[in-house]
Each structure stands twice: as structure tokens, then as C-alpha cells.
Amino acid sequence: MTRIDAKFAQLRAEGRRAFVAYVMAGDPDYATSREIVLGLPGAGVDIIELGMPFTDPMADGETIQLAGQRALAGGQTLDKTLQIARDLRETDDTTPIVMMGYYNPIYARGVARFLADARAAGIDGLIVVDLPPEEDSELCLPAQAAGLNFIRLATPTTDDARLPKVLTNTSGFVYYVSITGITGAANAQATDVGPEVARIKAQTDLPVIVGFGIKTPEAAQAIAAVADGAVVGSAIVAEIAKGRPVAEVLAFVASLAAGAHRA
Amino acid sequence: MPDDLINSFMTGPDENGRFGDFGGRFVSETLMPLILSLEAEYERAKTDPTFWAEMDFLWKHYVGRPSPLYFAERLTDHLGGAKVYMKRDELNHTGAHKINNVLGQIILARRMGKTRIIAETGAGQHGVATATVCAKFGLKCIVYMGAHDVERQAPNVFRMRLLGAEVVPVTSGRGTLKDAMNDALRDWVTNVRDTFYCIGTVAGPHPYPAMVRDFQSIIGKETRVQMQEAEGRLPDTLVAAIGGGSNAMGLFFPFLDDKSVNIIGVEAGGKGVDDRMEHCASLTGGRPGVLHGNRTYLLQDGDGQILEGFSISAGLDYPGIGPEHSWLHDVGRAQYVAITDREALEAFQLCCALEGIIPALEPSHALAHVMKIAPDLPRDHLIVMNMCGRGDKDIFTVAKHLGFDMKI
């Protein structure tokens with residue numbers, strides 16, 4: 001059982017929905033980013049998605065693109081991203097950390113070495129946007145063999161015929177992308193999302209978490225109510241981009257978490 | 001894999017879109033269903049005579065194919081060695097090879113019922129070709145172009161607008177061709193249901209590299225026939241410039257199994273292929289990675305971050321290369337070399353002076369390599385270089401480099 005499985009078992013027992021927060025590692029700088037990540041569990045975050053900056057984030061909107069650029073300009077590297085996870089693990093051994101990003105920085109390190117490094121740093125799962133099921137042998141299967149969850153994205157274009165292919169080899173949870181689009185763009189609508197989550201749950205026992213287009217505590221509540229949880233990324237990153245003090249960023253995160261937890 | 005263990009170099013890609021270890025389908029889930037339906041539609045079209053009948057008709061009457069295979073007599077005399085032929089794809093409608101491929105993709109888009117066409121462009125040639133064919137068929141056309149390229153290729157921007165296309169200057173990332181491709185992919189993910197992404201080169205997720213190659217192969221097929229007519233035999237050496245590599249793949253592909261034919265791809269060496277990385281030579285100066293849907297050689301740092309290419313030619317200014325070229329490089333079927341900006345500028349001027357042809361800066365790279373090798377080859381050695389685009393778009397850039405004041 002991974003930390004992710006344990007977290008969902010705990011949430012189920014408590015009758016709560018999950019609140020998942022995304023931040024870009026190294027944004028706006030290493031020290032601030034580290035401080036924010038270490039504060040996320042205290043702000044009510046159930047699962048941390050730690051973004052790995054990449055020069056060419058083709059599924060991300062401007063907010064997360066710029067966050068990646070800030071991180072890279074500040075000298076963020078894969079090693080420094082893993083260091084943030086290691087630092088969190090010194091005080092927190094239960095909050096799952098999922099690394100989210102694109103394949104090339106992982107491929108450049110070498111899959112076997114990356115998986116060993118990620119495990120050692122206390123990483124629990126991976127979301128890699130540009131690895132569909134057709135490329136499972138690249139990272140998905142080696143990651144599962146190494147004891148990491150590989151969390152797949154399901155989208156509005158994933159029809160019933162294709163869904164089993166997406167769900168096979170997915171573990172931890174299913175990340176439902178609420179819109180056809182990039183991060184931080186259109187608003188997710190609970191009326192659209194509800195039936196889609198039900199469609200996925202009919203084919204899997206894994207928890208279904210919804211992300212993309214969730215920006216406010218109210219939206220987090222509405223979406224979490226029709227799923228097993230909600231992810232907020234761009235809205236948090238946008239607060240960081242404004243140069244808000246860490247305490248204010250974490251207060252905003254806490255308001256989102258409270259929204260999702262009201263569901 | 002050693003050369004002699006491969007029966008044919010023309011059977012790729014495999015069912016997963018791989019040329020050896022290169023290629024593949026590294027895209028987000030949102031795009032996967034569409035990529036698969038595009039592949040299915042292309043497979044149907046490939047064996048549908050009505051599809052090829054429409055292509056052949058338009059290639060002939062709209063594009064002006066076949067393009068001539070021209071013996072460059074004065075250039076040959078000047079170099080004093082091999083006989084140099086030019087495949088004149090710069091004479092195509094819109095002035096480059098790009099339209100060969102665009103026609104195929106737009107006909108496919110129409111077959112799939114897509115009404116909105118998006119494209120990325122570097123030098124603007126692919127954007128102009130896409131805008132042209134969209135105008136002809138009454139399709140909405142949006143072209144993503146790096147803000148830096150919008151500036152250095154102003155005539156093509158105006159052409160696209162005249163043709164009714166919306167040109168979107170891309171400022172994300174560093175505002176270059178790779179960023180234009182990122183923004184096109186972001187548009188596609190957002191508008192996946194009605195939009196067709198018309199990719200301009202032999203890169204991107206499967207089936208694009210194979211599909212674009214197949215459409216561009218008209219260049220090599222014609223060359224075979226024309227050289228047979230001119231010299232009664234196959235050429236000895238093929239030379240073509242490579243950014244993404246579509247004009248080169250189009251010339252090379254029909255000759256891959258002719259072992260007597262020497263194949264050379266010419267990358268943009270910018271200011272020189274060295275540690276400063278001020279070049280676009282992915283094969284000579286990069287290593288394998290994953291970007292824009294495929295695994296291929298890329299310019300990147302040790303942490304897998306993609307580097308910006310540098311070249312005088314906007315059309316070669318891309319940090320990757322088509323995956324089939326990566327494979328041909330690794331198995332040794334084709335040879336890849338780099339030519340610097342300075343060498344390309346010399347070839348550009350020589351071609352103007354000796355042949356009365358103003359070449360684009362892209363094929364000027366190929367020509368520069370021909371200038372290097374031809375003098376040492378015997379007089380019966382036949383070289384074909386692909387004159388894949390005309391240079392009207394580049395005269396401002398060249399004037400600047402030659403210190404000529406263009407203000408009227």
C-alpha cells in the first residue's frame with residue numbers, strides 16, 4: 001500500500017473528499033517554494049502535486065508556463081525538486097507527493113535512475129502528461145514495478161471504448177481532466193463533470209479526482225461533491241506569481257481545502 | 001543494427017509509430033483519440049484511388065508539379081567536379097516544397113469533417129502554404145508563429161493575412177518555432193473536436209512523420225524518373241537541408257533501398273557546432289529526447305530542458321529533427337553534416353550569380369555542402385540537391401548580413 005492508497009483509505013473512513021494542491025517546484029525561487037510545500041499539509045492539503053519545470057509544457061496555460069520559466073530562471077533542477085520532497089519527508093511521512101510534469105527531464109536522467117531517486121526522496125506517484133497508455137512501457141510499467149503509483153489522466157475525449165485502456169495500469173487514483181483544454185483555462189462545470197465521473201467509476205474502483213479549471217473554494221466544493229476530490233493548480237500558482245507572502249498563499253490554499261472538504 | 005541486417009529501409013514506422021527507437025506518440029490523453037482516428041483515416045486514404053486522384057490533379061494544376069530537375073551547368077563548371085542537378089521545388093505555387101504536404105493534410109481534414117485548420121510556422125513558408133490551401137477550400141486558418149519570426153519574416157506574415165489566415169504571434173517561451181508548435185498543440189487540445197493540426201514537417205506524434213514523408217515523397221519519385229530521362233541512371237548523391245527534415249525526407253525516401261545512392265542531410269550549423277550551442281544541428285550536436293510527440297535527437301541540457309536553436313534561417317531554427325532522420329542517422333543509411341551561416345550566405349550569393357536563381361536560406365545550406373564535396377568528385381558523379389524554396393522572403397535578412405541598406 002502506497003501513501004496514496006493509505007490516504008484515500010483514511011479519507012473514506014472519515015467520509016471526506018480529497019483536496020489536492022499543485023505547485024511548481026522552484027517557483028518563484030527555491031527557498032520560497034520549499035517553504036510553501038512544507039506548509040501545504042498544515043493548510044489542509046491531502047495530496048501534494050509537485051510540478052517539475054519544463055521548457056516546453058505543451059498542456060499548460062500561461063500561468064503554469066510562466067511558473068516553470070521562473071523556476072528554471074532561478075536555477076531549479078530535478079535534483080532540487082527531489083530535495084524539496086526529501087525535506088517534507090523529514091517532518092511528514094503521510095502526505096502523498098505526486099510529481100507532475102513532462103517526460104523529457106525524466107528520460108534525460110534515465111528512467112531507472114529517476115525511479116530510484118524519486119523513491120529515495122519519498123515520492124509516491126507520477127503524473128506525466130505526455131505518456132498515454134500507448135507508451136506504457138516507457139515509464140508507467142517500470143514505475144509500478146518500483147512501487148510508485150502511475151496516475152493517468154482521463155479526459156472528455158476518452159470515450160467508453162478507450163476508457164479501459166486508460167484505466168489499465170493506472171494506480172493510486174484517476175485524474176479526470178474536466179475540460180478539453182490547457183491548465184488554468186475554462187471553468188469546470190459540476191453539471192458536466194458529475195456524469196463523466198460516474199462513467200469512469202462504473203469501470204474502476206480507483207478514486208476519481210477532478211482537475212483543470214477549478215479556481216475558487218466554491219468551485220472546489222462543487223466539483224469535489226461530484227467526485228472523490230478536486231485539484232487546484234493555476235489559481236494557487238497565480239497567487240504565488242503576485243509575490244504574496246507565504247502565509248497569504250497558504251491561507252488561500254486553506255480556503256480552497258476548506259471548500260473541498262465541505263463537499 | 002548493422003546495415004546488412006536490414007532488408008529494407010522503407011518499411012517504417014512500425015504499428016506504434018516507431019522508427020527503431022525513435023518516433024512514437026508522446027501526447028496528452030486529450031489528443032490520443034484524435035491521433036488514432038487520424039491514423040485510421042490516413043490508412044484508408046492511402047489505399048483509396050480517389051484520394052490520390054485528387055492529390056495528383058491538384059499537384060499538377062494548382063501546385064504546378066512536376067517540378068523540373070535542372071542541370072546547373074555554370075555551377076558545375078565553377079566547381080569543376082561532379083554534375084550538379086537541382087530539384088526545383090522552389091518553383092511550386094507558394095515558392096517551396098511545403099505545399100506538397102499541406103494539400104494532403106487538408107484533403108484529409110476535409111474527409112474527417114474538420115472545419116478549422118491550425119498550423120505552426122517558422123520561416124512562414126508552411127504558414128503561407130496552409131493559408132493558401134485553406135483559402136482555396138474555404139476553411140478557417142490560424143497560424144502560430146514565433147514573435148521573433150513574425151518580425152524577421154514580415155513579407156510572409158502579410159501574405160498569410162492577405163490569404164485570409166489569422167496569424168498569432170507567439171510570445172510564450174522565447175517566441176520561436178518550437179514555442180509556436182507548443183501553442184498550436186495547446187490550441188488543438190482546446191479545440192480538438194473541430195480542429196485539424198496541419199504539421200509542417202516530418203515530426204510530431206505518429207502518424208505525422210510518416211504521413212508528411214509520404215506526401216513529400218513526390219519530390220524523390222519525380223527525381224527518379226527525371227534523372228532516368230536525363231542520364232539514364234540513378235543519381236549518386238542526394239543533398240538536402242534539414243530543419244525538421246521534410247524536404248529531405250521527401251527526396252531521400254524513394255532512394256533509401258538503392259544502396260548505390262549516397263544520402264546527405266545538411267543541418268544548420270549557425271555560428272558553429274560547439275559548446276556554445278549557437279546552432280540547430282540536432283543530430284551533430286544533440287542527443288535523444290522526447291518533445292512534441294516524438295522521440296528524436298534534440299538540443300537539450302543535462303537536465304532535459306530544451307535549448308533554443310540558432311540559425312540565420314528561420315526555417316531551420318528548430319531544436320529537434322524528424323524521428324526517421326534520427327533512425328537513418330543511427331543505422332548509418334544517411335550521413336548528416338552541418339553548414340554554418342557564413343557558408344550558407346556564400347552559397348546563396350554564388351547561386352544568384354551563376355544560375356540566376358535566388359535560393360531560400362534553407363537550401364543554401366544544402367548548396368554550401370555541394371560546393372564542399374563536388375570539386376573532389378569525378379565529372380560523371382551525379383549530385384541532386386533539393387532547391388526546396390525560393391529566396392524572396394530572405395532578401396531582407398541577407399541584405400542585413402551583407403551590410404546593404406534596403407530602405408527605399
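How many salt bridges are counted between chain B and chain A? The count is 5 (side-chain nitrogen of Lys or Arg within 4 Å of a carboxyl oxygen of Asp or Glu). A:Glu135 and B:Arg18 form a salt bridge, with the closest N and O atoms 2.6 Å apart.

The model is predicted: local features need pLDDT of at least 70, side-chain atom pairs count only at pLDDT 80 or more, and totals for chains, interfaces and linings use all residues. Residues are numbered from 1 along each chain as its sequence is written, chains are lettered from A and ligands numbered from 1 in the order in which they are written, and side-chain values use heavy atoms, with hydrogens and water left out.

Chain A and chain B contribute 37 residues each to the contact (heavy atoms within 4.5 Å). The buried area is about 3,000 Å², with 49% from carbon and sulfur atoms; this is the accessible area (1.4 Å probe) lost on putting the two parts together, summed over both.

A cavity is a set of points, on a 1 Å grid over the protein atoms alone, where a 1.4 Å probe fits but cannot get out. The count is 8 cavities of 30 Å³ or more.

Conventions: On a 1 Å grid over the protein atoms alone, a cavity is a set of points where a 1.4 Å probe fits but cannot get out, and a pocket is an open set with protein on both sides within 12 Å along at least five of seven lines; lining residues have an atom within 4 Å of a point. Grid points are joined across faces, edges and corners, and a volume is the space filled by probe spheres set on the points.
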